Amino acid sequence: MKRVRDSISKFRLAVYIAGLIVFIIFPLVADEYIRHIAILGMLFAVIASNWDLTLGYAGLFNFAHGAFFGLGAYTSGILAVRLGLSPWIGILAGVGVAVIVSAVVSIPAIRLRGIYVALITFAFSQLSVLLIVSQHTITGGLQGLVGVPSLSIGDFRFRDSRVAYFYLAGVFLLLSTLFLRRLVNSDFGLSLVALRDFEEYAISRGVPLSRQRFLSFVYSSIFTGAAGAIFAHYLLIASPEFFGFSFNTLFLSMLLVGGTATIYGPIVAGIALTYLSELLASLGPIRFMVVSVLIILTMRFFPKGLWGLINGRFTKRGSALPQFTDRAEDASQPAEIDTIQSQGSPSVEN
Amino acid sequence: MLLKVENLVAGYGKFEVIRSLSLEISKGESVGLFGPNGHGKTTLLRCISGLVDARSGDVLFQGENIKNHTPGQIVDMGLIHVPQGNTLFPRMTVLENLKLGAYSRRAWEKRLENISRVFKLFPRLEERKSQYARTLSGGERQMLSIGLGLMGVPDLLMLDEPSLGLAPKIKDELGQAILEIAQSGVTLLIVDQDIELLLGLCQRLYLIEKGQVSLETEEEEGIQQQEVLEMYFGRVAQ
Amino acid sequence: MTIDFERIIAILVSGLVSGSLYALMASGLSLVWGTLGMFNFAHGALVMLGAYAAWYFSNPAGLGGGLLLGIPAAIVLIGVGGYVLYVLLVKPFVGRPGADLIVIITTIAGATFLQNGVQVVFGPRYKQLARVLTGEVRFFNTAVGFQDLIVILVAPTMLLLLALFLKRSKLGLAIRAVEQNYDSAQLVGINAGQVYPLTFAVSAILAAIAGILLGGLFFILPTMGSEPLLRAFIVVVFGGLGSLPGTIIGAYIIGLIESISGFFLTLYWAPVVLFAVLIFVMIVRPTGLMGRE
């Protein structure tokens with residue numbers, strides 16, 4: 001048995017190394033357009049998978065996630081363009097602002113029933129757009145903020161290099177995914193799911209509802225804000241579009257088509273849908289229409305998303321929001337919840 | 001045979017509440033259902049009126065199998081269910097509530113004359129006709145519920161726990177009214193805890209336990225039913 | 001003295017116009033929330049469609065039938081649109097657990113679809129609806145546009161019609177019945193499966209009227225629906241979920257708050273004021289002014 005396990009892990013190692021090699025070579029051989037899509041895809045994958053934390057695992061109707069992204073972008077962009085600060089500082093600032101904002105939004109959100117959270121987070125998201133557009137002297141208003149500088153180290157400008165942004169995005173995606181995995185498999189992650197599926201029981205077992213919800217908002221905003229900042233320094237602009245219905249719908253589609261509460265689902269769907277969306281870019285607004293239809297079809301016919309379709313049979317829990325499936329089907333035994341309070345929790349995925 | 005239930009099986013989700021239940025009611029009869037709580041009496045009524053799906057078995061009303069009919073269709077046929085507890089439209093007036101009772105095609109045209117008939121039966125409701133339903137007392141609410149049912153021009157009227165939570169004096173009033181309704185030709189199926197009330201109103205009784213009929217009284221009055229009572233209370237005491 | 005008075009009239013008119021528009025938009029949302037318990041995130045898109053439909057039917061660049069054709073055509077078309085929206089985006093999910101979240105998602109997707117679709121068909125440049133009456137009237141030295149007056153008069157009239165419809169007509173009674181007691185409504189013979197789409201249609205008609213009025217006052221853009229949607233949400237929450245009178249009163253209050261803060265704090269801060277109002281309500285009195293829960 002140990003022999004089999006050894007050979008499986010050797011196999012895994014081989015796969016990882018092969019993957020690494022492919023990753024390193026990819027930007028050197030691929031043309032600019034493909035690289036561009038890949039970079040976008042990886043950044044969007046970060047955004048979508050982080051959204052999974054609040055919408056999927058915590059089951060919170062958070063519709064302010066796109067705002068974390070947009071505010072990260074604008075913060076970093078404004079600091080660079082108006083104050084001449086280094087983009088690296090801008091990224092940190094972007095994270096900071098996203099975190100603060102998520103904390104503020106979470107306060108009313110954690111006390112309210114599901115559907116009000118949708119309203120208030122959505123309202124917040126729309127209000128931030130209004131705010132940004134109205135302060136046009138600082139933000140560039142409806143036209144957006146132009147002249148955002150590229151990331152650079154000394155004289156080396158990322159934008160000029162074939163590989164820089166690609167490697168950065170890849171590493172970034174990796175860090176974000178490791179972060180999310182760690183969270184989800186920890187006591188924290190399990191407590192989120194417990195609150196989502198068995199709220200009263202979890203509370204009676206001492207799981208702090210407000211704190212966990214607050215934290216899930218904040219955690220989900222960290223890499224999202226950073227992604228926004230990196231995005232701004234890559235495209236060299238920041239635009240109110242980032243907050244719009246269309247972008248939000250795109251991220252939402254990645255999350256839903258990929259499969260909520262799975263992390264990997266939104267990542268795969270993120271890259272795939274970015275590719276799809278760019279493919280259709282020449283059709284202009286039609287691509288968002290396609291994405292919309294995709295969402296509706298997904299909700300109708302396979303609410304667990306792609307990841308759920310593939311993996312549904314293999315993981316102990318189904319991988320969708322419990323509300324989308326029969327509760328009984330997804331329910332874990334109450335005994336599993338006992339382990340939240342103890343050390344050494346069982347892993348959820350894989 | 002106005003209503004015939006044959007080997008009905010029904011429940012919610014994984015739970016089976018009614019397990020092969022059969023009963024029948026002839027036109028013009030008043031039949032009572034009693035038994036311990038949670039054993040399927042309410043579910044039975046909900047199944048007959050179409051709110052709950054039947055898993056197997058049949059429900060025949062006026063010869064037609066209504067097992068798969070929608071509640072609206074069943075109401076249109078003249079089978080009216082007055083449910084337990086909160087049955088009214090709280091932010092509408094007494095008058096509006098009664099109007100709603102006549103919503104079906106069968107009853108809509110006759111609503112005005114039927115409203116006066118209901119008011120004759122329950123004069124208290126006429127006094128309060130412009131009041132919001134939620135401001136009525138318990139007894140008045142029950143009267144309004146029954147009035148609502150009558151507005152549908154029922155051939156068969158099913159009452160679920162009409163006397164629940166009411167003071168004895170109101171119960172008597174209600175009982176009188178129900179008797180009048182029966183005398184006007186409406187067939188009645190009444191579910192209630194108050195066996196004395198049932199005895200006063202019904203020719204036959206069914207005891208429902210564990211989702212099945214466990215006892216049925218004959219169409220005689222007096223001794224047989226006393227025996228039934230003793231047996232029932234004796235059993236419950238066990 | 002005259003200066004203050006002018007200011008007051010201007011603020012009042014602006015507040016009443018906003019309040020009227022918000023009341024129209026929010027009442028549609030409130031109606032759907034009351035009966036179905038769901039929020040229609042595509043409501044703003046319906047407002048936008050109302051404006052575009054009216055433009056298309058009336059403007060020479062479209063069918064050129066003038067406002068006489070444009071307005072009724074838009075109302076009918078969007079009313080039907082509301083029905084279709086329900087069938088496609090809501091009906092398949094009614095009764096499923098978590099339907100309210102699903103419907104939020106599908107209606108967001110629907111809104112995106114419509115927003116982009118309109119852009120494809122009509123182009124992104126803004127349009128404008130012909131004014132019903134041009135010119136203005138003077139109240140105590142302040143100019144008040146006729147269009148503004150029309151809004152201030154039309155909106156309450158429509159709301160009155162809505163109230164009458166709900167109170168007197170059979171369908172209106174059915175809608176209220178489903179809202180107040182779903183089970184009893186069924187037992188009385190009401191078919192909720194028919195009431196729901198009709199409620200959506202009524203809600204869409206209200207949205208369309210709001211869109212037509214908006215289109216005459218401001219620019220018609222594919223994205224013009226998102227701000228009204230936001231305002232409608234704030235109003236519905238503020239005025240009290242499930243209470244139509246509360247929603248209407250709340251709408252006018254919010255309209256006036258906006259107008260006043262816009263004058264004294266400049267438009268920069270109006271969004272912040274609104275958000276503060278929203279947060280305040282949600283924390284202090286989640287059921288809103290007159291709501292029930």
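Which residues have the most contacts inside the largest nonpolar core? They are A:Leu43, A:Ala123 and C:Ala51, and the core they sit in has 272 residues. Keep in mind that this is a predicted model.

Take A:Leu43 from that list. Setting aside neighbours within four places in sequence, A:Leu43 is in contact with A:Ala169, A:Ala227, A:Ile230 and A:Phe231. As background, nonpolar side chains tend to be buried together in soluble globular proteins.

Next, where chain A meets chain C. Chain A gives 37 residues to this contact, and chain C gives 38. On the chain A side, α5 (114–134), α11 (245–258) and α13 (286–301) each supply at least two residues. Sorted by class, the side of chain A that touches chain C has 26 nonpolar, nine polar and two charged residues.

Staying with chain C, look at helix α9, residues 226–239. From first C-alpha to last, its 14 residues reach 20 Å, close to the 20 Å expected at 1.5 Å a residue. This helix, α9(C), is mostly covered, with 13 of its 14 residues buried. After α9(C) comes C:Gly240, which has a positive phi, near 110°.

Last, one residue in chain B. B:Ala182 lies in helix α8 of that chain, residues 168–183. Why is B:Ala182 classed as partly exposed? Because it has 19 other C-beta atoms within 10 Å, and a residue counts as buried at 20 or more. Beyond four places in sequence, B:Ala182 is in contact with B:Ser30, B:Leu188 and B:Leu201. B:Gly28 is 154 residues away from B:Ala182 in sequence, yet the two are 7.4 Å apart in space, C-alpha to C-alpha.

Notes
Residues numbered from 1 in each chain as written. Chains lettered and ligands numbered in written order. Predicted model: local features only at pLDDT ≥ 70, side-chain atom pairs only at ≥ 80, totals over all residues. Helix = DSSP H or I, 4+ residues; strand = E, 2+ residues; numbered from the N terminus. Buried ≥ 20, exposed ≤ 12 C-beta atoms within 10 Å, placed from the backbone. Contact = placed C-beta atoms within 7 Å. Core = buried A, V, L, I, M, F, W, Y, C linked by C-beta atoms within 7 Å. Expected span 1.5 Å × (residues − 1). Nonpolar A, V, L, I, M, F, W, Y, C, P; charged D, E, K, R; others polar.
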